[in-house]
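I set out to record how two chains of a protein model meet, and then how one of them is built. My entries follow the order in which I looked things up.

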Amino acid sequence: MFSPLRIDPVKAMQEVAEFRRKLASGLGSLQQVGDVQFGVTPREAVYREDKLVLYRFKGERKPTAKTPILICYALVNTPYMVDLQENRSLVKNLLAQGEDVYLIDWGYPDGADRWLTLDDYINGYLDRCVDVVRKRHGLDRINLLGICQGGAFSLCYSALHADKVKNLITMVTPVDFHTPDNMLSHWTRELDVDLFVDTLGNIPADLMNWCYLTLKPVRLNQQKYVGLVDILDNPAEIEDFLRMEKWIFDSPDQAGEAFRQFIKDFYQGNKLIKGEVEIGGHVVDLGFVDMPVLNIYAEQDHLVPPAASRVLADYIGSDDYTALAFRGGHIGIYVSGRAQREVPAAIHDWLRKRGG
Amino acid sequence: MVTHASQPFGDYREFAEQSMSAWKSLWSQALESMPGAQAASGRAGTGAAVERMLQGLKDYCAWLETMGAASSAAPDGLRWDQAFSKAFAGNLGEPFMRAFREVPDAGIANPEQWVESFRRFAAPMQQSLQGLLDLPAFGLAREHQEQAQRLGDAWIEYGEQATRYQKLIARVGRLASERLQDKLAEREAPGNQVDSLRALYDLWVDAAEDVYAEVALSDEFREVYGAMVNAQMRVRQLVQKQIEESSSQLGLPTRSEIDSLGRRVQELRRQNGAGSMQAMREELAQLRAELAELRDSQRRSTARAAGPGKKTVAKRTTGKTAAKKPAARKSSAKPQRAPRP
């Protein structure tokens with residue numbers, strides 16, 4: 001019989017000593033790193049409303065696409081995961097393909113935004129941003145790209161305003177919120193959401209982040225930082241790591257009323273696929289999503305399990321539906337090397353075949 | 001005034017005053033002991049990242065030291081399970097639990113820390129508090145006393161639910177240890193063995209996360225988690241109510257008042273907000289343009305009718321002339337069509 005442990009005691013002590021050395025010298029490196037920023041592609045603010053800013057990105061060449069893309073991100077993070085750094089930017093790569101890209105930055109809600117509802121976000125802010133882009137380009141319809149919760153918003157919007165959406169792309173978007181492997185959804189089921197929102201008002205970003213960390217508590221609170229020690233001697237890698245850290249934790253609070261409805265109707269009630277979500281008094285029927293749809297999901301996504309996304313095909317009214325599975329996680333689909341090569345090209349090719 | 005045969009105080013008025021003083025003292029001390037509202041500045045910066053890193057590494061470093069010593073204690077590797085179990089029994093579950101309890105840099109935004117600090121302060125007084133909670137309230141201060149009693153009850157309930165949750169997490173820690181031993185048992189073949197502390201740690205993380213996922217997706221966890229969060233929110237809501245009452249007595253605006261104002265403002269904005277104001281401005285601009293065109297058209301007609309050389313005073317329009325009906329605004333309502341089956 002052999003032991004599964006073949007750890008040489010001398011090497012073990014050397015390992016401990018080496019770890020200590022790396023940590024000690026690495027702390028000095030960390031102090032040399034300046035401020036890290038994300039959102040690298042030049043952009044122009046073309047519309048503002050309350051805390052929202054609608055940006056148009058500027059590529060190195062003029063866009064060749066006939067129809068612009070409007071990116072609708074989730075409310076739970078800043079949208080710059082799509083433009084994180086020079087060599088990890090969905091936006092930059094779309095611009096390089098000739099696309100014309102706009103993005104909604106929802107801003108950081110405060111007490112003044114406490115009473116914003118999903119109707120205010122979807123039929124209000126999002127609709128007005130769509131109108132701004134339509135007017136700027138003299139178009140009846142534009143392309144809409146929704147990400148995660150922003151994808152759910154985009155589905156609702158496309159069902160309610162199909163006349164304004166030419167092509168719809170959803171990325172890592174939950175559709176069925178009650179798949180058995182959806183941990184976040186599982187945890188919300190016994191929550192008294194009314195008590196939660198009535199008590200907290202806007203939901204603090206720190207609380208949201210803590211919740212996400214507890215999805216994988218040891219990996220995200222400890223193992224990740226053990227791995228960091230190994231790269232402390234590489235300034236470029238440290239900067240990349242810190243940039244990602246900043247994006248993860250620089251999160252907005254959630255407007256109370258919008259949060260209430262989203263958790264109760266989508267997470268607890270799973271009403272999107274039941275056709276029971278009401279936004280501003282109008283029922284969202286996914287059958288009215290009849291424009292071409294490209295649904296991209298990540299196969300190792302622990303926040304939006306693939307099963308939660310894949311079912312979209314069963315509910316929309318479109319005859320032109322394409323699913324694209326990406327080998328990676330919820331964040332990797334934007335920042336991995338493979339993502340830079342595969343995802344923008346797939347989006348561009350798909351749009352080009354549908355009149356761009 | 002109602003009297004109780006078992007009432008421990010002779011004069012109930014004195015008792016009521018003493019109990020209110022005790023509650024007030026409890027609150028003011030609890031408020032002082034709560035984490036201050038730390039500024040969010042630096043939360044997302046390099047300094048904050050270093051803090052998170054050091055927090056996460058504290059337990060890993062301790063674990064490394066322990067495992068380094070354990071591997072030295074079993075140089076032949078054949079008693080690995082004994083040395084191993086001893087090392088993990090003392091060390092493994094705790095870092096896992098700590099990953100849950102400690103939320104770096106959350107400050108007052110983390111309700112768990114916020115209520116925990118109050119709980120730690122009041123725990124020694126729980127027994128005497130329970131006696132106060134069971135007494136009925138009387139007199140001018142009865143509403144305040146009842147609220148304080150409700151808070152006490154809520155705090156005790158939260159303590160019970162938090163304990164259930166932490167017991168569940170502790171179970172995960174123990175199960176993770178067992179799962180790790182299972183995983184190790186699969187790696188006895190030469191070439192497949194664990195040959196470094198880091199590899200052992202990574203294997204332990206795999207085991208811990210596997211077990212955690214199984215437990216976190218269970219019905220038991222769902223019920224316990226929901227009960228804990230709901231209990232926490234009740235405590236927080238009742239504390240906020242106490243703070244509001246004090247603020248109100250000091251003439252300070254309260255969160256409820258601001259919320260009421262905000263709600264009314266948002267409703268007004270929906271009725272007359274950016275979207276509708278913009279639409280009205282556009283319609284007004286369109287109407288002005290059409291009116292200007294009508295006037296020009298009328299002047300030209302009048303000039304033509306007068307012919308060359310004839311001077312005619314253009315008739316001023318009264319404004320009552322029927323204006324051309326403005327083009328219908330493009331309806332934003334979705335055209336009705338039968339939903340797809």
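This is a predicted model: local features need pLDDT of at least 70, side-chain atom pairs count only at pLDDT 80 or more; totals for chains, interfaces and linings use all residues.

Entry on charge pairing. I counted five salt bridges between chain B and chain A. One of the salt bridges I looked up joins A:D50 to B:R269, with the closest N and O atoms 2.5 Å apart.

Entry on the side of chain B that touches chain A. I asked which helices supply at least two residues each, and I listed α2 (46-73), α3 (80-91), α4 (93-101), α8 (197-216), α9 (219-249), α10 (255-272) and α11 (274-306) of chain B. The most comes from α2(B), which gives 16 residues. By residue class, I recorded 40 nonpolar, 16 polar and 27 charged residues on this side of chain B.

Entry on extent. I found 83 residues of chain B in contact with 80 residues of chain A. The area that the two chains bury between them is about 7600 Å², and 61% of it lies on carbon and sulfur atoms.

Entry on chain B itself. I counted 11 helices and zero strands in chain B. Chain B has 341 residues, of which 35% count as buried. I computed an accessible surface of about 20200 Å² for chain B, with 54% of it belonging to carbon and sulfur atoms. Among contacts in chain B with a separation of 6 or more, I noted that 77% join residues 24 or more positions apart.

Conventions. Residues are numbered from 1 along each chain as its sequence is written. Chains are lettered from A and ligands numbered from 1 in the order in which they are written. Side-chain values use heavy atoms; hydrogens and water are left out. Contact means heavy atoms within 4.5 Å. Buried area is the accessible area (1.4 Å probe) that two parts lose on being put together, summed over both. A salt bridge is a side-chain nitrogen of Lys or Arg within 4 Å of a carboxyl oxygen of Asp or Glu. Helices (H or I, at least four residues) and strands (E, at least two) are DSSP runs, numbered from the N terminus. Ala, Val, Leu, Ile, Met, Phe, Trp, Tyr, Cys and Pro count as nonpolar, Asp, Glu, Lys and Arg as charged, and the others, Gly among them, as polar. Buried means under 20% relative accessible area, exposed over 50%, partly exposed in between (1.4 Å probe, protein chains only). Accessible areas come from the Shrake-Rupley method with a 1.4 Å probe; for residues, only the protein chains shown count as cover.
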